[in-house]
Amino acid sequence: MGPKGALLTALCLVVGLGCAQVSSELQYGSIDDWRVLDHWGTVLKVRREFDRKNVLEESPLDVIRNATQRPGVPRTMELEVARSEAPSDSTSVQYRQRRDEAIARAIGPFITPVANEHASLACQASSLSYLRNIFKEIWALKMFDATGKLPDGVLLGNVNPFGNWDECLNTTGYYTTRLEPDTVSRQASFAGKYCLAIMSKADGKTHSPPDLNVKSAAVDLAPILPVLPYQNAYVGMCIPSTCSGSELAAGLNAALSGVTVSVPDYLCYTQDEETTFTAGDIVMIVICSLTALLMIVGTVIDVVAVQAAKKPESWLATVNEREVLPGTLRQVFLAFSVYTNGKKLLDTSSTRDTLGCLHGIRFFSNTWVILGHTYFFLVPFKHQNITKLLSFFGNLGFLTITDATVSVDTFFLLSGLLVSYSVMRSLDKTNGKFNILMFYVHRYIRLTPVMMMVIGFVSTLYLHLGTGPFWGVASQSNPLLCQQKWWMNMLYVNNIDGLEEQCLGQTWYLANDMQMFLFSPLVLLPLFHWPVLGQLWLIFLVCFFTGINAMVTVTENLGPTGALPGTDGDSNMRYEKPWTRFGPYLVGLYMGWVLHKIRGRKIVLPAPVVAIGWLTASLTGCLIVYGLYDQPTVPPEATSVIYAMLSRTAWSVAVAWVVFACVTGHGGVVDSLLSWKAFIPLSRLTYTSYLVSIDVQLYYYYTNKSPLYLDQLTLVYIFIGSVPVIFTVAAIFSLAFESPMISLEKLIFPQASKGAAAKPKPVVPESTAKPEQDASSSGSKPGPESEVAVPNGSATKGAQTAKMNEAFVMNE
């Protein structure tokens with residue numbers, strides 16, 4: 001047995017996708033119904049039949065019929081013709097031609113477009129050459145080998161054989177062609193083209209292409225499709241590059257029954273695809289190049305100045321003193337200095353007045369969001385055992401994933417807290433005067449530029465970074481939506497659409513938070529000027545928005561955490577609308593006011609009160625996350641209404657206690673953990689890491705070249721591996737776009753900086769932390785010396801922290 005035979009022997013156990021008859025109208029003859037077509041098995045049986053019979057009088061169709069009707073597999077696995085059965089030299093050529101023709105007829109309609117009578121001549125010629133050379137040429141064998149075949153574990157959902165991406169794209173085939181009126185044969189070549197065919201249930205209808213005059217015939221795939229959660233199978237096929245995806249789809253629809261096949265052009269790939277840059281791509285390249293230039297020049301100027309200060313007698317001091325650039329232009333370049341911005345980002349200094357626990361809360365909430373998304377993205381992608389995912393839901397611990405959405409409520413709480421604390425301090429300084437215009441302008445400038453740069457990158461250059469069977473889907477999701485709807489993000493109204501229709505779906509939070517921010521003065525000003533009435537007004541608002549949650553739950557037929565099975569309820573109406581998420585933000589506004597009132601005072605609470613507070617907060621959090629365990633699929637309406645009304649606000653109250661206890665010195669080991677200095681740089685990246693996290697995670701799934709086998713350990717590794725990648729990408733965007741804008745804002749609105757600088761501030765990176773500012777300029781960012789609001793330990797950082805928290809789950 002030769003090497004080729006050994007290869008085929010090893011692969012003959014791989015089963016193929018297909019079943020049943022080939023119509024005579026397709027010119028492949030009528031053969032018996034195969035309930036499961038085994039591509040490798042079919043090829044081997046047909047060849048073995050020729051080897052065993054050693055006859056030429058029998059037609060190829062008779063051989064196919066005999067080979068496929070015989071039950072079981074051949075007795076022996078030899079793929080080479082036995083000596084006693086080998087054909088004579090005089091008949092060997094004709095024998096092989098007839099054998100290869102039989103093989104082409106048997107499997108051709110199911111792996112190429114040959115069943116499509118209207119395929120182009122080049123496609124037909126190259127497809128036939130491929131099919132007839134499977135046992136002659138290694139390139140044809142590679143194309144056949146690279147085509148997906150039905151594997152094991154079908155009943156667990158393993159019905160997405162992707163084939164082999166690299167083997168297909170690295171194959172070059174040949175065929176003979178004749179050009180009219182020239183009668184001379186010419187050799188033509190083609191490359192392997194990888195196409196991902198989508199097969200879905202046909203609902204009992206015949207789905208032959210309307211332009212093909214054929215009967216539905218072929219292969220009945222319906223028996224395997226009931227195991228599919230989404231009624232679709234994705235099969236990777238290696239076809240000649242002379243064929244198109246639409247030609248393949250037409251051929252498969254003619255050859256298969258019980259399913260409808262589609263092969264979108266964006267799911268077909270060749271090795272030599274030309275990279276074309278759109279106008280948007282070019283604009284983004286120019287912006288990134290200019291930014292990189294500014295960062296290089298700014299860093300050089302900065303380093304020269306620093307070294308000159310250390311060595312006044314050196315030539316660097318002379319260069320630095322010449323002031324080659326005007327003062328303002330120099331400051332613009334310095335705003336992009338990676339040296340200074342990097343130092344600020346990594347700075348862990350703090351003061352005793354800093355609310356360090358916010359750093360840890362932000363970091364853990366951020367990673368909780370990433371963990372939830374790691375599991376959430378399993379649903380739309382293809383896996384070897386997708387039904388395994390269903391078993392996760394019966395586990396008590398898995399509620400940590402399914403109820404991870406409360407992490408967003410933590411950020412709503414922190415956002416409101418920092419806005420309130422900053423505004424209250426500003427109002428104190430200005431005797432109640434409030435510059436509402438700068439309040440809004442400051443926040444918009446701080447949050448929008450970096451968000452728009454992420455959107456610009458995702459909608460343009462992101463598309464050129466990946467490859468894989470599923471990568472074509474990427475161009476139809478976030479990038480396409482961002483190209484169409486970026487303006488909605490710029491206006492912070494993107495939450496009008498459902499999550500699946502939004503550019504950067506995660507920015508629904510930013511839209512909500514900005515809308516709540518716009519409303520916040522209506523709560524904060526009464527609290528400052530008329531505390532009693534302000535508190536009553538705030539309590540009324542909490543009750544009002546709690547009632548809205550109940551109303552939405554009933555009118556939309558929603559359960560405790562989403563739409564109920566068998567209903568058409570829109571869970572987005574309760575998940576991403578500001579009027580259903582306002583409760584935690586209002587709790588944050590109140591907590592910020594309380595922290596302002598007790599600022600500078602020593603709060604002593606009796607030990608029993610502290611114990612009761614921690615116990616109540618802990619039980620409340622656990623009940624919200626794990627309280628729905630073992631509930632029926634359709635719980636009582638009262639359970640749904642009560643949980644929807646109270647869960648998010650109650651969660652925010654529990655977290656508010658943690659903040660209050662840590663600020664007042666009753667946090668103990670919890671405060672020590674949350675205030676760990678290592679969390680400070682990571683918390684500063686909260687905003688940008690949130691912005692980029694989903695697309696970094698999707699990049700992994702989109703570029704997978706084979707379905708993933710699901711188990712908890714694998715998913716934990718994916719999560720742990722994605723966290724540092726996300727923070728690395730976030731740091732790049734922060735240093736390139738976020739930190740420079742913080743410095744440039746101070747140049748644009750110098751008065752804002754002055755107001756904040758009234759109080760001494762510790763040395764803090766203004767790139768990561770917001771400069772000390774009064775409420776009028778800092779907006780919702782915590783004030784300069786925001787001891788409570790500043791998890792950074794500095795006024796500047798406090799301000800920035802506020803911004804980050806308001807911005808979203810991951811504000812800086």
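## The second largest pocket

The second largest pocket of this predicted model has a volume of about 800 Å³. Here a pocket is an open set of points, on a 1 Å grid over the protein atoms alone, with protein on both sides within 12 Å along at least five of seven lines; the volume is the space filled by probe spheres set on the points. Of its 28 lining residues, those closest to the centre are Glu 273, Leu 463, His 464, Gly 466 and Trp 471; a lining residue has an atom within 4 Å of a point.

Helix H7 (165–169), strand E7 (268–269), helix H9 (279–310) and helix H18 (471–474) each contribute at least two residues to this lining. Helices (H or I, at least four residues) and strands (E, at least two) are DSSP runs numbered from the N terminus. The lining comprises 8 nonpolar, 15 polar and 5 charged residues; Asp, Glu, Lys and Arg count as charged, Ala, Val, Leu, Ile, Met, Phe, Trp, Tyr, Cys and Pro as nonpolar, and the others, Gly among them, as polar.

## Overall architecture

The protein contains 33 helices and 7 strands. Of its 812 residues, 56% are buried, that is, under 20% relative accessible area with a 1.4 Å probe and protein chains only. Among contacts (heavy atoms within 4.5 Å) with a separation of 6 or more, 78% join residues 24 or more positions apart.

In helix H21 (residues 521–529), the buried residues are Pro 521, Val 523, Leu 524, Pro 526 and Leu 527. They pack against several helices, including H16 (406–429), H17 (436–458) and H20 (508–519).

Helix H20 also holds Leu 518. Leu 518 counts as partly exposed because its relative accessibility is 43%, between the 20% limit for buried and the 50% limit for exposed.

## Confidence and conventions

The mean pLDDT, the predictor's confidence in each residue from 0 to 100, is 78, and 75% of the residues reach 70 or more. Residues 1–37 have pLDDT below 50, and this stretch has 115 contacts beyond near neighbours in sequence. Where pLDDT is low, the predicted coordinates should not be read in detail.

Residues are numbered from 1 along each chain as its sequence is written, and side-chain values use heavy atoms, without hydrogens or water. In this predicted model, local features need pLDDT of at least 70 and side-chain atom pairs count only at pLDDT 80 or more, whereas totals for chains, interfaces and linings use all residues.

Definitions and conventions: On a 1 Å grid over the protein atoms alone, a cavity is a set of points where a 1.4 Å probe fits but cannot get out, and a pocket is an open set with protein on both sides within 12 Å along at least five of seven lines; lining residues have an atom within 4 Å of a point.
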